[in-house]
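I opened the notebook to write down what I looked up, in the order I looked it up.

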Amino acid sequence: MNFDLRLPIGILFSLFGLILVCFGFLTKGSDIYAKSLGHNINLEWGAVLLVFGAFMLFLAKRGKGA
Amino acid sequence: MIDIQSISLLAAAGLPASSGESTTLINLHSVDYAILAVYILVVVGIGFVLKKYVKSASDFLTSGRSIPVWVTGLAFLSANLGAQEVIGMAASGAKYGIMTAHFYWVGAIPAMIFLAIFMMPFYYGSRARSVPEYLKLRFDEKTRGLNAISFAVMTVASSGASLHALAALLHLLLKWDYNFSLIVSSAVVLAYVLKGGLSSAIYTEVLQFFLIVLGFAPLVIIGLNDLGGWNGLMQSLTKVSGPEFTHSWKYMGTTANPMGVEWFGMVFGLGFVLSFGYWCTDFLVVQRAMAAKSMGDARRTPIIGAIPKMLFPVIVILPGMIALGLAAKAGSGYSIPLGVSGATDYNLVIPSLIAHYLPTGMLGLALTALMASFMSGMAGNVTAFNTVWTYDIYQSYIGKGKSDSHYMWMAKFATVAGILISIGFAYVAKNVDNIMDFLQLVFGFVNAPVFATFLLGMFWKRATGHGAFYGLLAGTICAMIFHGISSPVPLDKIGDGIPWVQGAWLGAKFGFTSSMAQNFWLAIVAWTLCFVITIAISLATRRTKTDTELVGLVYSLTDKIKEDDEPLWKRPAVVGGVVLLVALILNIVFR
């Protein structure tokens, strides 16, 4: 089957990452982060998801080239 | 088995819609909805993309054996990752502490490795398209029928139970309308399963696996930070809950531990009978391995699944322990929520931690992960159901020798019907008290002896169809009687009696220290009886299958698989051995 799952995984987590990072920027210093012990967790975890998503996209692209 | 066991816990968490309508636990904002919407679009999108690969009934029901091994491996794990795993195991983490890890390091892992090394060759190598069909090839029609019908009923019922739990949970947390949640979540599952069939379910299960890990990991990270790391958590658990919450083995010598069961009952009952019965014979999980590209990949599937499975307690059990520690922490303002009955409802551990720690944004991600776990479980059930229905029930008893396009139509019809029946079960679960406890009980009776049948079938060529069928029946009846005469509390503490769903409905003859101990011993007794009776009847009856017919189905009559030319890291026996060793080390470290 010529279907590479890494592509949709990459798309999904890149989008999640983008949404959270943008939202994190907009809410910098907001008191909603009292819950998460003062960490802007949207920004931080959003960045993690973005990296994971981009890595999956990279693997999918490399797989296609091979 | 583990599957079914926790479903009723969940159904208990699913509070009736009429109960205490007061505050909403969680408020969602547009960013949270955006995340949920992206998720739904992507999973449904996968279904639509995969549609073009579905050309025959076997593409739809068995994926045409074409899926890469890392995908089947993660799906093998993820099909079982329904709500019972995420919510039920966190609840157990809060109830039993580290001992909950026995479900993984004693229960699941050895069984998964055994399946990979010893049993997969017969499932994949035979011409069987399902687990019941293996029984038909190995034994006879009636053994297959018994297994197929009980499996079909069980899968739609548990799918319905988890659907109910999801809708009730969303109602409780977000005040979403019960009917709305029910319809929307089943519509999403229906959309992608109907388009892409088993492939769709498998691929989305893997996506859901990553979502569950990445959605819940932040909860564990923040929680541990808050409580002063692992050591801080252990200290506070020792102080508030007692030292037995921080050891998995140290207090297993007697029943004086949170699970109320001693080591022998746990190792033999949970580790051997129940876990092997579930992981090695339940078509829901075995189906994932059967969709792999080759025999080697089919055998590597459970092993690849076992690696993350070993580490999963971090994501699913640790939150329960964190909740205990957090509730005891001065000034945290947190407590594990109460259920309708007014008692602590451990099933609300995960949702309440999400509400406590995560701000809007991350909240959407975690809730999406929670919904993904329900959908993944449901899609797994539905795809197992439509295959067993189409091949083992419809094609065998109702519509023999029809065209492929007819079976394809039937498979799609079964998919829709399976989801509709699940919805029906969800409403039954909502309206009839104890119905899920009752079903769980019946499934337990059917499941307890089943591994004996498969073990004898695969490793003893003299086992006959009559032996298998009546052995299974005897094991089930024995389980029923055992339940009827045993009590989950010691006899001198029964007092006014216990509800019949918990046992002793034939009069209590002996009592255990917990319902878990009762359950494990019930499994041990039913398994042993099934084992003995199957042997006795087999010896007394004539063989119906010749040696030639059993080639590829029985160990002694099948050529051993040669793997000498495979690199070491690809050999199931080698990798499986390493995984077992790591599991052993984990047991020792957290003893």
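Entry 1, the model. I noted at the start that this is a predicted model.

Entry 2, chain A by itself. I counted two helices and zero strands in chain A. I then looked up its radius of gyration, which is 15 Å; the globule rule gives 11 Å for 66 residues, so chain A is more spread out than a compact globule. I also took the span of its C-alpha trace along the principal axes, about 50 × 15 × 15 Å. As for burial, 35% of the 66 residues of chain A count as buried. I looked at contacts in chain A between residues at least 6 apart in sequence, and 72% of them join residues at least 24 apart.

I found 23 residues of chain A in contact with 31 residues of chain B. On the chain A side, helix 1 (6-26) and helix 2 (41-65) each supply at least two residues. Helix 1 of chain A gives the largest share of that side, 10 residues. I sorted the residues of the side of chain A that touches chain B and got 19 nonpolar, three polar and one charged.

I picked helix 15 (residues 318-328) of chain B and found it mostly covered, with nine of its 11 residues buried. Among the buried ones I wrote down B:L318, B:P319, B:M321 and B:L326. Which helices do the buried residues of helix 15 of chain B pack against? I listed helix 5 (83-96), helix 9 (178-226), helix 10 (229-240), helix 14 (313-316) and helix 16 (349-357) of chain B.

Note on methods:
Residues numbered from 1 in each chain as written. Chains lettered and ligands numbered in written order. Predicted model: local features only at pLDDT ≥ 70, side-chain atom pairs only at ≥ 80, totals over all residues. Contact = placed C-beta atoms within 7 Å. Helix = DSSP H or I, 4+ residues; strand = E, 2+ residues; numbered from the N terminus. Nonpolar A, V, L, I, M, F, W, Y, C, P; charged D, E, K, R; others polar. Buried ≥ 20, exposed ≤ 12 C-beta atoms within 10 Å, placed from the backbone. Rg over C-alpha atoms; globule rule 2.2 N^0.38 Å.
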